[in-house]
Amino acid sequence: MKKYWILCPFILFLLNSCLSISNNTLTSPNRCIRVNVDLNTEGQPFYLVKYKGKTVIDTSMLGFDLGGDASNFSAFKVVKTSHSMRRNEPWELPWGEQRVVEDNFNGLTVLLKEEAAPYRKLFLEFKVFNDGLGFRYIFPDQSNLEEMVILDENTEFNLTGDHRVWWIPGDWDIYEHLYKNTRFSEINALDYAVLSGLAQTYIPENAVNTPLTMKTDDGLYLSFHEANLTNYAGMTLKIDNKNYKMINELVGNDKGIKAIVKTPFATPWRTIQIVEQAGDLIESNLILNLNPSAKFDISWFKPTKYMGIWWDMHIGTRTWDYKSGRHGATTEYAKKYIDFCAENGIGALLVEGWNTGWERWFGDFDREGVFDFVTPYPDYDLEEVVAYGKSKGVEIIMHHETSAAPRTYEQQLDTAYALMNKLGISAVKTGYVGKIIPKGEYHHGQWMVNHYRKVLQTAARAHIAVNAHEPIKDTGIRRTYPNAISREGLRGQEFNAWSPDGGNPPNHLPIVAFTRMLAGPIDYTPGIFNIKLTPYKDYNQVNTTLAQQLALYVVIYSPIQMLPDLIENYEGHPAFQFIRDVAVDWEETRVLDGEIGKFVTIARKERGTDNWFLGSISNEDERRISIECNFLDRGKKYTAVIYSDGKNAHWDDNPTDYQIDTVTVYHRSNISLNLAPGGGCAISFRRSN
Ligand code: NOJ
Ligand code: CA
């Protein structure tokens, strides 16, 4: 008996240490991902991530630098850890890449408390899904920590190798950059050649923006981003090339402050996607799942295709400003577009340059009060255009270019949205070209994050959907605010019209699909048919084939898809049929194949019908793809209309060589075809039994 008493403390010690390890460890539901959360010997928290037993994120510290009267956090102790083992709780997207979203994770929350005064408390919350993890800091309500001046959030991501990385610089003002693909050790954002034509750009550190996607030499894909960016600053990742380490570098302001928050407060989730197939990054719902569920019903918004009085301005045939004599937004021109939309089943028309202010746009970049959001130019009868559109079933999309003067916009929000309500207009495209006024604030800092949110909230109350250009990055907030329908936040099609570097190269979109698109819907505006822009531009063109322009309607997701080209380029064009047919709202999405920067093939099933659509795009290389049609229903027959590159197609030499073939296919069918250099293919599958 005595012997056992002697052994007891030892057994207890063993039990305890096991308990503390399992308490601080969390695995994904399929057990492939394992996360460890703990304190180091100085009482500072860290985490570590393994995938199938191999470390993918090595010991990475968590913490903050605080300003104001607050001292930095001293040593913590663990007060409590609690696990939440969840079964799958699917939920529905009102519009999206799919209808039903699986939400399958295990969770761990660790409560920390400083060991010495002022005994501040902090929760670390982790959720681990089968395709990655998210974690955030939660500061509970506490008298000894009411306001926090955050000088830095020091969250680390400590990589385990010199991975291949697709990156854009950690610009505080704009995401409109071309991606570079280098080894981690070669990232040099400070040397990134910023396009001279960009009105706004500020890259203070060797940092990169998110979503940041990587491939390890073991063939694993990692992508770093954030979810639910609310009342906080956007995250960029500062690069430590030698140690393969990244540290959160929040976007700040010229006062040296990153964020000021009041407790209770939760930071955005820091997310790490970890998958074995590149396409699984696109299929992942991790970011959406880390956002709160919808705050309101959005049945008043219907996904739609839209045209625009827009491309004209970018290729220089018309202007926003009405005094030029080539004003785009005239009553007459708008009616011509409305007629064409109505004839082709296109639900909406964006009209830019309708309101006063454009004549001062470029000259008065530093000034507030340039734009007026209620007064049309004299040659544009807003009410008549809207009524004409209504009579033909075409809604006008409002345009509010703020010229990066958010205070001017906020002053007019109520009146501008009241006007839209009066006219029955339910969508607005916003824009923030230029340096933010007041000076010292940046597009991606906390002040602007709050502005973009205020716009969304005010718009939601007025039943208005928002498509933001020069936006804050998407962090899945469309789940909570489903009126956040789309946004830019990348080099869009417009660069092909005027960019002095010749536009977006053929590998741009095969990279975007695995980087920017992981954040959410993109208003890329695909569908230019006059690829060479003849006779308007002699130095620029769209750097893809025509078939790829069609494929983009499926590959690049947005619930509003533009038909940007001029009417004369679509009228009577056989390939236009695909754009008429293609859906904009999806029941299901499957990424059939793809490799970052090379190619991607995506099939999507239309909501409410049995039809599928497929898009495949290639970079500058020609390739043969083989499409297994096993996504189609068994035992059913489909008519597939295949729009593919012609035999001699090439994005530069011969971009408009295309062919259309109609074939019957089944679940067991296989379609093999060639994608030209910079090419693509688009297929509509219509079920016929
Ligand atoms: C930049 C936007 O991306 C573009 O779509 C718009 O036409 C101009 N700003 C003018 O607002
Ligand atoms: Ca833009």
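This is a predicted model: local features need pLDDT of at least 70, side-chain atom pairs count only at pLDDT 80 or more; totals for chains, interfaces and linings use all residues.

User: Which residue is joined to Pro 211 by a cis peptide bond?

Analyst: Most peptide bonds are trans. Pro 211 is in the loop between strand 16 (207-208) and strand 17 (212-215). With omega at about 0 degrees, the cis bond joins Pro 211 to Thr 210.

User: What is the phi of Asn 231?

Analyst: Most residues other than glycine have a negative phi. Asn 231 is found in the loop between strand 18 (221-227) and strand 19 (235-240). Although Asn 231 is not a glycine, its phi is positive, at about 45 degrees.

User: How are helix 5 and helix 6 oriented to each other?

Analyst: Helix 5 (residues 331-343) and helix 6 (residues 382-391) have axes 10 Å apart and pack at an angle of about 10 degrees. Angles under 35 degrees count as roughly parallel. Helix 5 and helix 6 are therefore roughly parallel.

User: Which residues of helix 6 make the contact with helix 5, and is the crossing left-handed or right-handed?

Analyst: On the helix 5 side the contact is made by Thr 331, Ala 334, Lys 335, Ile 338 and Asp 339. Helix 6 contributes Glu 384, Val 385, Tyr 388 and Gly 389. By class, this contact of helix 5 with helix 6 has four nonpolar, two polar and three charged residues. Helix 5 passes helix 6 in a crossing that is right-handed.

User: Is helix 6 parallel or oblique to helix 7?

Analyst: The axes of helix 6 and helix 7 (residues 406-423) come within 10 Å and cross at roughly 40 degrees. That angle makes helix 6, relative to helix 7, oblique.

User: How many charged residues does the contact of helix 6 with helix 7 have?

Analyst: Helix 6 brings Leu 382, Glu 383, Val 386 and Lys 390 to the contact, and helix 7 brings Leu 419, Lys 422 and Leu 423. By class, the contact of helix 6 with helix 7 has four nonpolar and no polar residues, and the number of charged residues is three.

User: How are helix 7 and helix 8 oriented to each other?

Analyst: The axes of helix 7 and helix 8 come within 11 Å and cross at roughly 5 degrees. Helix 7 and helix 8 are therefore roughly parallel.

User: How many nonpolar residues does the contact of helix 7 with helix 8 have?

Analyst: Residues of helix 7 in the contact are Pro 406, Arg 407, Tyr 409, Glu 410, Leu 413, Asp 414 and Tyr 417. They meet Trp 447, Met 448, His 451, Lys 454, Val 455, Thr 458 and Ala 459 of helix 8. The contact of helix 7 with helix 8 has two polar and four charged residues, and its nonpolar count is eight.

User: Which element gives the most to the lining of the largest cavity?

Analyst: The structure holds six cavities of 30 Å³ or more, and the largest cavity has a volume of about 210 Å³. Its lining has 18 residues, with Tyr 452, Leu 456, Ile 472, Ile 477 and Arg 487 nearest the centre. Two or more lining residues come from each of helix 8 (446-461), strand 28 (465-468) and strand 29 (484-487). With five residues, the element that gives the most is helix 8.

User: How many residues in the lining of the second largest cavity are charged?

Analyst: The second largest cavity holds about 100 Å³ of space. Its lining has 14 residues, and those closest to its centre are Tyr 175, Thr 210, Pro 211, Gly 489 and Arg 516. Thr 210 and Pro 211 are also the pair joined by a cis peptide bond. The lining of the second largest cavity has six nonpolar and three polar residues, and its charged count is five.

User: What is the volume of the largest pocket?

Analyst: The largest pocket is lined by 34 residues, and Asp 131, Asp 280, Glu 283, Ser 284 and Asn 285 lie nearest its centre. Strand 23 (269-275), helix 2 (278-283) and helix 3 (286-289) each supply at least two lining residues. By class, the lining of the largest pocket has 15 nonpolar, ten polar and nine charged residues. The space in the largest pocket is about 700 Å³.

Terms used: Residues are numbered from 1 along each chain as its sequence is written. Chains are lettered from A and ligands numbered from 1 in the order in which they are written. Side-chain values use heavy atoms; hydrogens and water are left out. Axes are lines fitted to C-alpha atoms, for helices over the stretch in contact, and angles run from 0 to 180 degrees between N-to-C directions. Helices (H or I, at least four residues) and strands (E, at least two) are DSSP runs, numbered from the N terminus. Angles under 35 degrees count as roughly parallel, over 145 as roughly antiparallel, 65 to 115 as roughly perpendicular and the rest as oblique. A crossing is left-handed if the near helix is turned anticlockwise from the far one by less than a right angle, and right-handed if clockwise. Contact means heavy atoms within 4.5 Å. Ala, Val, Leu, Ile, Met, Phe, Trp, Tyr, Cys and Pro count as nonpolar, Asp, Glu, Lys and Arg as charged, and the others, Gly among them, as polar. On a 1 Å grid over the protein atoms alone, a cavity is a set of points where a 1.4 Å probe fits but cannot get out, and a pocket is an open set with protein on both sides within 12 Å along at least five of seven lines; lining residues have an atom within 4 Å of a point. Grid points are joined across faces, edges and corners, and a volume is the space filled by probe spheres set on the points.
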